[in-house]
Amino acid sequence: MGAAELRILENGDELAREAADFVVWSGEQAVKSAGTFRLALCGGATPKALYVLLAGSALAGRLDWRRVALFFGDERCVPPDHADSNFRMANDTLLGPLNIPRDRVFRMRGEDEPEQAAGQYEGSLRKEFGVSAPAWPRFDLILLGLGDDGHTASLFPGTPALNERRRLVVPNQSPQGVRQRLTFTVPLINQAHAVVFLVSGMGKARALKAVLEDRTADGSRVPAKLVQPTEGRLIWFLDHAAAAELRVEKQRIVSHEE
């Protein structure tokens with residue numbers, strides 16, 4: 001397990017551009033070596049900007065999207081056309097504009113009974129990756145966001161999903177918004193070849209500091225701390241606002257003022 005890589009960008013737009021370049025580069029490498037790029041998407045405003053760039057004319061042609069398999073790291077238990085659906089956001093900004101074939105998109109069925117939906121998605125993952133329990137699928141890249149309470153995917157502080165060590169996907173409860181969720185488990189995330197966090201805005205600064213620098217905060221209180229890939233890269237794409245409380249950012253500000 002290597003050290004986390006921090007990439008601090010000027011603002012959210014620059015963050016999205018840098019992250020888009022990294023996603024495309026990761027896809028090119030995966031297709032070259034294995035013929036397929038298995039990517040897990042996340043929801044949120046920062047990823048939305050990333051998806052728009054990936055589907056734009058500057059980048060869309062660099063990657064053979066027919067060789068990309070797209071998954072979701074979590075989902076709200078709502079129908080796929082609901083305003084709160086992670087699938088709907090990705091479909092509107094990325095999947096639809098790029099005309100991704102339906103058989104290359106693996107959505108979590110948020111409209112189904114949660115336990116049934118979690119089991120179905122685990123079965124889809126095992127079939128697509130060709131691995132049976134107790135082996136773990138290894139994504140080429142998993143995209144994650146960070147909540148202001150330190151959660152990531154739908155892994156919330158103090159919830160049962162944090163302790164799951166055998167299943168790939170489980171139902172979980174959110175303290176706000178759409179309460180019922182589906183989420184990747186911590187061990188599945190940590191098997192990935194690369195995990196990328198996308199974090200922007202001042203509202204995330206305190207949570208980010210807790211994840212990266214507060215040694216007194218454990219994973220039950222700050223779930224994003226549990227993301228530590230066993231043999232993969234962990235990369236944080238941040239803007240200056242989100243990084244404002246980090247020591248490295250405070251040192252930068254001081255040096256600029258001198």
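A polar contact is a pair of N or O atoms within 3.5 Å, and within protein one of the two must be able to donate a hydrogen and the other to accept it. In this predicted model, the side chain of Arg-104 makes such a polar contact with the side chain of Glu-128, at 3.4 Å.

Arg-104 belongs to the loop that runs between H3 and helix H4 (114–129). Is this arginine buried or exposed? Buried means under 20% relative accessible area, and Arg-104 counts as buried because its relative accessibility is 17%. Once its neighbours within four places in sequence are set aside, Arg-104 is in contact with Thr-36, Arg-66, Val-68, Ala-69, Leu-70 and Glu-128.

## Helix H3 and its packing

Helix H3 spans residues 86–95 and is mostly covered, with seven of its 10 residues buried. The buried residues are Asn-86, Phe-87, Met-89, Ala-90, Thr-93, Leu-94 and Leu-95. Viewed down the axis of H3, these buried residues fall within an arc of 155°, so they line one face of the helix. An α-helix has 3.6 residues a turn, so residues three or four places apart point the same way.

What do the buried residues of H3 pack against? Their partners are strand E2 (37–41), helix H2 (45–54), strand E3 (68–72) and strand E4 (74–76).

Two packed helices are described by the angle between their axes and the distance between the axes. The axes of H2 and H3 come within 8 Å and cross at roughly 30°. Angles under 35 degrees count as roughly parallel, and H2 and H3 are therefore roughly parallel to each other. On the H2 side, the residues that meet H3 are Lys-48, Tyr-51, Val-52 and Leu-54, while H3 contributes Met-89, Ala-90, Thr-93 and Leu-94. By class, this contact of H2 with H3 has six nonpolar, one polar and one charged residues.

## Buried positions elsewhere in the chain

Ala-20 sits in helix H1 (residues 12–34) and is buried, with a relative accessible area of 0%. Not counting residues up to four places away in sequence, Ala-20 touches Leu-50, Leu-53, Leu-54 and Leu-59. Leu-54 is also among the H2 residues that meet H3.

In helix H6 (residues 205–212), the buried residues are Ala-205, Ala-207, Leu-208, Ala-210 and Val-211, and the buried residues of H6 pack against E9. His-240 is found in the loop between strand E9 (233–239) and helix H7 (247–257), and this histidine is buried, with a relative accessible area of 15%.

Ala-161, in the loop between E5 and E6, is likewise buried, at a relative accessible area of 4%. Apart from its neighbours within four places in sequence, Ala-161 is in contact with Leu-155, Val-170, Asn-172 and Thr-183.

For three of these residues, a separation along the sequence can be set beside a C-alpha to C-alpha distance.

| Residue pair | Separation in sequence | C-alpha to C-alpha distance |
|---|---|---|
| His-240 and Asn-11 | 229 residues | 6.4 Å |
| Ala-20 and Asn-86 | 66 residues | 18 Å |
| Ala-161 and Gly-61 | 100 residues | 38 Å |

## Backbone features in the loops

Most residues other than glycine have a negative phi, and most peptide bonds are trans. Which residues here have a positive phi although they are not glycines? Asn-99 has a positive phi of about 55°, and Ala-153 has a positive phi of about 50°. Asn-99 lies in the loop between H3 and H4 and is exposed, with a relative accessible area of 65%. Ala-153, by contrast, lies in the loop between E5 and strand E6 (169–173) and is buried, with a relative accessible area of 14%.

The peptide bond from Ala-133 to Pro-134 is cis, with omega near 10°. Pro-134 is placed in the loop between H4 and strand E5 (141–144).

Definitions and conventions. Residues are numbered from 1 along each chain as its sequence is written. This is a predicted model: local features need pLDDT of at least 70, side-chain atom pairs count only at pLDDT 80 or more; totals for chains, interfaces and linings use all residues. Side-chain values use heavy atoms; hydrogens and water are left out. Buried means under 20% relative accessible area, exposed over 50%, partly exposed in between (1.4 Å probe, protein chains only). Helices (H or I, at least four residues) and strands (E, at least two) are DSSP runs, numbered from the N terminus. The arc is that of the directions from the helix axis to the C-beta atoms. Contact means heavy atoms within 4.5 Å. Axes are lines fitted to C-alpha atoms, for helices over the stretch in contact, and angles run from 0 to 180 degrees between N-to-C directions. Angles under 35 degrees count as roughly parallel, over 145 as roughly antiparallel, 65 to 115 as roughly perpendicular and the rest as oblique. Ala, Val, Leu, Ile, Met, Phe, Trp, Tyr, Cys and Pro count as nonpolar, Asp, Glu, Lys and Arg as charged, and the others, Gly among them, as polar.
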